[in-house]
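Trainee: I have a model open and want to learn how to read it. Where do I start?

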Amino acid sequence: MGRISTYKVELKGMQSSEASYNWMADNDFFQLIEGEEVQKGKVSVDLNVHKKDNLYLLDFSLSGSITVLCDRCLDEMSWPIDTTGNLKVRLGDDFADDGDVIVVPENDGTINVAWYIYEFIALAIPLKHAHMPGKCNKEMMGKLSSHTAADPSDEDDERAAGNGTDPRWDGLKDLLNENDE
Ligand SMILES: [Zn+2]
């Protein structure tokens, strides 16, 4: 996964009970992650790790912007991101992430937070996101409405026309047939 290892956080080897990290989740990050919802963006990620007894508390704060597709015109639009997220992690035998606490193998002692960062960003996108009224890409809207207006039977007609039911072609066929006779 290449540079995704940048997002590895040392837990077992923490030198004190606190640690902090900062990353910039940019276009390269989103390309590496290959998530469905977000492919582009620039989000600053701050992480504070706090060790408390056997638990590692990871607090993320994320701010910046991402590129999403508008619900109405499907054109790209910038969406601000300003969100937080947290993880509770402990060391154990095998990796497990099935609820409240994530378990990472003690013999590794690190957690890669790249996918969690992506999830916090993706979760911050509201279900509906569209340009302000009147700000949609008119060209895209035009293409979409002409596309949705055409029902499948219309497409069949067009295809049939290509196969020679167009009256002009029928006329030509008649001429050709006459030549054959
Ligand atoms: Zn739009």
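The dialogue below goes from the metal site to the sheet, the core and some single residues.

Mentor: Start with the ground rules. This is a predicted model, so local features need pLDDT of at least 70 and side-chain atom pairs count only at pLDDT 80 or more, while totals for chains, interfaces and linings use all residues. Residues are numbered from 1 along each chain as its sequence is written, and side-chain values use heavy atoms, with hydrogens and water left out.

Trainee: Which residues coordinate the zinc ion?

Mentor: First, the general idea. Donors are N, O and S atoms within 2.8 Å of the metal (3.2 Å for Na, K and Ca); water is not among the atoms, so sites may look incomplete. Here the zinc ion is held by Cys 70 (SG), Cys 73 (SG), His 131 (ND1) and Cys 136 (SG), at 2.0 to 2.4 Å. Along the chain, these donors follow the spacing C-x2-C-x57-H-x4-C.

Trainee: What does the Cys 73 and Cys 136 pair tie together?

Mentor: Elements come from DSSP: helices are H or I runs of at least four residues, strands are E runs of at least two, and both are numbered from the N terminus. Cys 73 lies in the loop between strand S4 (55-69) and strand S5 (76-92), and Cys 136 in the loop between helix H2 (114-123) and helix H3 (138-149), so the pair ties together parts that are 63 residues apart in sequence.

Trainee: What arrangement do the four donor atoms make?

Mentor: Check the angles. Four donors count as tetrahedral if all angles lie between 85 and 135 degrees; four count as square planar and six as octahedral if opposite donors are over 155 degrees apart and all others between 65 and 115; anything else is irregular. Around the zinc ion the angles are 102 to 115°, which makes the arrangement tetrahedral.

Trainee: Are Cys 73 and Cys 136 buried or exposed?

Mentor: Buried means under 20% relative accessible area, exposed over 50%, partly exposed in between (1.4 Å probe, protein chains only). Both Cys 73 and Cys 136 are buried.

Trainee: Now the sheet. In what order do the strands run?

Mentor: Two strands pair if DSSP finds at least two bridges between them. Here five strands form an open sheet with mixed pairing, in the order S2-S3-S4-S5-S6. S2 and S6 are the edge strands, and each pairs on one side only.

Trainee: How do S4 and S5 pair?

Mentor: S4 and S5 are antiparallel, over 14 bridges. In this pairing, Phe 60 stands opposite Gly 85 in S5. The two strands form a hairpin with six residues between them, and Leu 74 in the turn has a positive phi of about 60°. S2 and S3 are also paired in the antiparallel sense, over eight bridges. S5 and S6 run parallel, joined by five bridges. Leu 91 stands opposite Val 104 in S6.

Trainee: What does Leu 74 touch?

Mentor: Contact means heavy atoms within 4.5 Å. Not counting residues up to four places away in sequence, Leu 74 touches Leu 69, Met 140 and Leu 144. At 44% relative accessibility, Leu 74 counts as partly exposed. Its C-alpha atom is 8.2 Å from that of Met 141, 67 residues apart in sequence.

Trainee: Which residues touch the most other members of the largest nonpolar core?

Mentor: In soluble globular proteins, nonpolar side chains tend to be buried together. A nonpolar core is a set of buried Ala, Val, Leu, Ile, Met, Phe, Trp, Tyr and Cys residues joined through side-chain atoms within 4.5 Å. The largest one here has 42 residues, and Leu 58, Phe 60, Ile 66, Ile 111, Val 113 and Ile 117 touch the most other members. H2 gives the largest share of this core, seven residues.

Trainee: Why is H2 called largely enclosed?

Mentor: Seven of its 10 residues are buried, so H2 is largely enclosed by the rest of the structure. Among the buried residues are Tyr 116, Ile 117 and Phe 120.

Trainee: Last, Asp 82 and Thr 83. Where is each one?

Mentor: Asp 82 counts as exposed, at 71% relative accessibility. Thr 83 counts as buried, at 19%. Leaving aside neighbours within four places in sequence, Thr 83 is in contact with Phe 60, Ser 61, Leu 62, Phe 120 and Ala 124. Asp 82 touches Leu 62 and Ser 63, not counting residues up to four places away in sequence.
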